[in-house]
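Hi there,

Here is the structure I promised to pass on to you.

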Amino acid sequence: MIVLKNVTKRYDSLTAVDDVSFTVKAGECFALLGPNGAGKTTIVKMLLDFTRPTTGSLSLGGIPSTHAECRTSIGYLAENHHIPSCLSGWNYLMRCAELLDLGRSDAMDQCRRIVELIGMQGREQTKVGAYSKGMIQRFGLGAAIMGDPKLLILDEPTSGLDPIGIREIRQLLESFKGKGMTIFLNSHLLSEVEKICDTAAIINRGKLLVKDAIADIVKDGETLEDVFVRVVRG
Amino acid sequence: MKTSKTVSHIAKIVKYTIVDEVRHKSFVVMFVISAICVFIIRGCYGGNYMVNGQYLDSGTVIRALSKVTFYMIGVGVMVIAALLSMQLFRRDRNEGMLSSVLSKPIARWQYVAGKAIGLWLLSGLFMFILHGIVCLITSISLKLFMPEYLVASLLCSVNLLFVVIAVLLLSLLMPDIVAFLSVLGIGIVGFVADGIAAASHSQIAQAMMPQSDPLLQPELTWWKVVYHVWPKLSGVQQMASSLIESESFHGFSTIYPLINVLLYCLILGALLFKRFRNEDIV
């Protein structure tokens, strides 16, 4: 589903991503882990063609990431998601549905279903300016799952959510995983990652340090957090 | 199939651009103030004006005033279009709409085309309504419908396309306010240069200038080249106003400003697409 081949991204003298290669199989729930500034968000941006790699290539479903068609069945949730303040949550979801070329009735059905799924019934017509950060994040996730994408790219999806919200998002992700959706998760919440994901990669200073099944990375008596600290500290 | 999808994507971006701009209070306030100003000018139509000791007839006054108003609206809406354009990309970026749109199967050029066309249509409609109000007032005062006025308004919208594309391009290269001021500067220099050129061709100026040998070829200087290559926004306005007065065209020199501005739109548009293609989406 996702293939990165010798991807390097340089910003002047800074190397944000250094010769990274890995693959994520269809139906896999994958977590990209690393400390702040490790290059996780840069990789996500390159996957979505928000920024181009200096060298190397990325492809999604066999299509190069530079082609707009590869984003036909991708859902994306940005870290600290924003929604135009002049829109309501419903308007925003409808707009995202229209951009996916869904028909009006189909779009409305999907929006109703998603509003229910993200637990925002009764609040969807309120202007975004009155939403909390967590509510905006929920609508962002709702927009990401619009059109039942095959691949979900989530950059810190639980950012700004309270513990109950985090739990609800985890349950949602588990249900998506159960439907065979490929999930690319970029998160700091290692305990949540350990519960949801099958495979994980750890990067630090742009270099890929580990990429394996979580069951193989985490030894007996260890947690993913222990592994993360051990690997990052070298 | 692919073409219809492309058109559909651009049409959606156009729609969102127009809807988002109209939703902003500042746009509504600007529109209401402009419409009120145009209505206030109506009061000047009924005044008595004296030139060289002779009263002007009301028809001449109305025609002259409507032409002045036509110019003022054209220039005013160009400034408004520049103001609306300068924050277009930044606002979409800050409000998350840019990443929302580009994470969908929308190509970058489709997004840019939709934004530019949307703003051009909106500012064009803004100008057309204001010109329409003046046309209505003039038609009622003269008891004569002047459809040329509306055709002239449509022709003037080419200037708006130039302003929108130029500000959008420059806003990717420099701070928004500098982009706005730069395009404003280009417009002012063009208008002043055309004013000086028109004054230098007047009978008084010709009489004051020393007579040159008619057999000599006119000298080609660098500033003459710059003058002719400079965006002819004022020229397009003049061309449009000549439609109102049903003046006859005088060959290439009459349509040159239109060709000049359209060429600029094409060149700047290509540069805008190229620049945005390499832009990092934050």
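**Two helices in chain B**

In this predicted model, helix H3 (residues 58-86) and helix H7 (residues 147-173) of chain B have axes that come within 9 Å and cross at roughly 30°. Angles under 35 degrees count as roughly parallel, and H3(B) and H7(B) are therefore roughly parallel to each other. Their crossing is right-handed.

If you want to pick out the contact in your viewer, H3(B) contributes B:Phe70, B:Gly74, B:Val77, B:Met78, B:Ala81, B:Ala82, B:Ser85 and B:Met86. From H7(B) come B:Ala152, B:Cys156, B:Asn159, B:Leu160, B:Val163, B:Val164, B:Val167, B:Leu168 and B:Ser171. Sorted by class, the contact of H3(B) with H7(B) has 13 nonpolar and four polar residues, with no charged ones.

**The sheet in chain A**

Over in chain A, six strands make up an open sheet with mixed pairing, and their order is S6-S7-S8-S3-S9-S10. Strand S6 (74-77) and strand S10 (207-213) of chain A are the edges, each pairing on one side only. On average, neighbouring strands of this sheet are turned by 15° against each other, with direction ignored.

Which strands does helix H1 of chain A touch? Helix H1 (residues 40-47) packs on the sheet against strand S3 (29-33), S7, S8 and strand S9 (199-204) of chain A, and its direction makes about 145° with that of S7(A). Helix H8 (residues 224-233) of chain A lies across S3, S9 and S10 of chain A, and runs at about 35° to S9(A).

**Where the chains meet**

Finally, the interface: 23 residues of chain A are in contact with 21 residues of chain B. On the side of chain A that touches chain B, S6 and helix H2 (89-99) of chain A each supply at least two residues. H2(A) gives the most to that side, with four residues. By class, the residues on this side of chain A divide into 13 nonpolar, five polar and five charged.

Note on methods. Residues numbered from 1 in each chain as written. Chains lettered and ligands numbered in written order. Predicted model: local features only at pLDDT ≥ 70, side-chain atom pairs only at ≥ 80, totals over all residues. Pairing = 2+ DSSP bridges. Axes fitted to C-alpha atoms, helices over the stretch in contact; angles between N-to-C directions. Contact = placed C-beta atoms within 7 Å. Nonpolar A, V, L, I, M, F, W, Y, C, P; charged D, E, K, R; others polar. Parallel < 35°, antiparallel > 145°, perpendicular 65-115°, else oblique. Left-handed = near helix turned anticlockwise from the far one by under 90°.
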